[in-house]
Amino acid sequence: MSFFLLTVNLLFYFFYLMEFQVELQFALEKEVRKTVCQTVPSDWSSGVLLMRMKSELEGKETGITLGTGGIRLTENRNDGDEEILDVTAVFEAGPDASLLGPLRGRYLQRCRRRFWTGQSYIEQRGSGESEEDAEYVYVTPNGTVYHDRRDCTYLMLSVRAVSSGALSGLRNSDGDKYKPCETCMKGMTVSEIVYIADSGRRYHSIRNCSGLNRWVMKIAKTEAAGLGACTRCGR
């Protein structure tokens, strides 16, 4: 066996491994951050989190071969602190082609974030208004309108389970048909039961999909410049 070929083989493997680990950590951080912002501690699902990560990593295993178990997620306990989401991604990997046979190494990558469980607001500085006098509205991160009421039906989703066979005859509050969720339905077959919201536009395969949650922020109305008023609660 050529020592030179062995060295080159291992160098390429470690390069591909590091590249994959960077991609894996990025996907782990992204999906954990999304989970803690859009779900509550009792509703998060390791299966959904892993599914999203695998979707992010699709086609990025160049130069390495994962073990038979693929990527697995384990939850780390934090002395009973349920507001912390602490997960470790575990996988085994080796070179695509090894001169020494089926080499495998075991690798762990961890991410730890606190669930967002409260309500945040931004103070308008320099306006001369006290917190009591300032006028506040409610917005969502990707929303195009602001809401005067926290209990607006656009922010308080009414979710119900329906038969997938009945979807073709159902309409949302705007009279539109429901389309598959781009998050939980991606690459999935339609299950017998799906979840919809009266004011939503998508149907979902799981109840705790991020598309059925609302991350609401309370901000000064002057900070909502450029956003339109909600047609239901806006003035």
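**Close-up 1. The side chain of H204 and the backbone of R202.** A polar atom of the H204 side chain lies 3.5 Å from the backbone oxygen of R202. This is a predicted model: local features need pLDDT of at least 70, side-chain atom pairs count only at pLDDT 80 or more, and totals for chains, interfaces and linings use all residues. Residues are numbered from 1 along each chain as its sequence is written, and side-chain values use heavy atoms, leaving out hydrogens and water. H204 is found in the loop between β11 (202-203) and β12 (217-220). Is H204 buried or exposed? H204 counts as buried because its relative accessibility is 3% (buried is under 20%, exposed over 50%, partly exposed in between, with a 1.4 Å probe and protein chains only). Beyond its neighbours within four places in sequence, H204 is in contact (heavy atoms within 4.5 Å) with residues including C181, M185 and C209.

**Close-up 2. The largest nonpolar core.** This core has 26 residues. A nonpolar core is a set of buried Ala, Val, Leu, Ile, Met, Phe, Trp, Tyr and Cys residues joined through side-chain atoms within 4.5 Å. F20, L24, L28, V32, I71 and F91 have the most contacts inside it. Not counting residues up to four places away in sequence, F91 touches L17, F20 and I71, among others.

**Close-up 3. A charge over a ring.** The charged end of K218 sits over the ring of Y136, 4.9 Å from its centre. The cut-offs are NZ of Lys or CZ of Arg within 6 Å of the ring centre and within 35 degrees of the ring normal.

Technical notes: Helix = DSSP H or I, 4+ residues; strand = E, 2+ residues; numbered from the N terminus. Polar contact = N/O pair within 3.5 Å; in protein donor to acceptor, adjacent residues only side chain to side chain.
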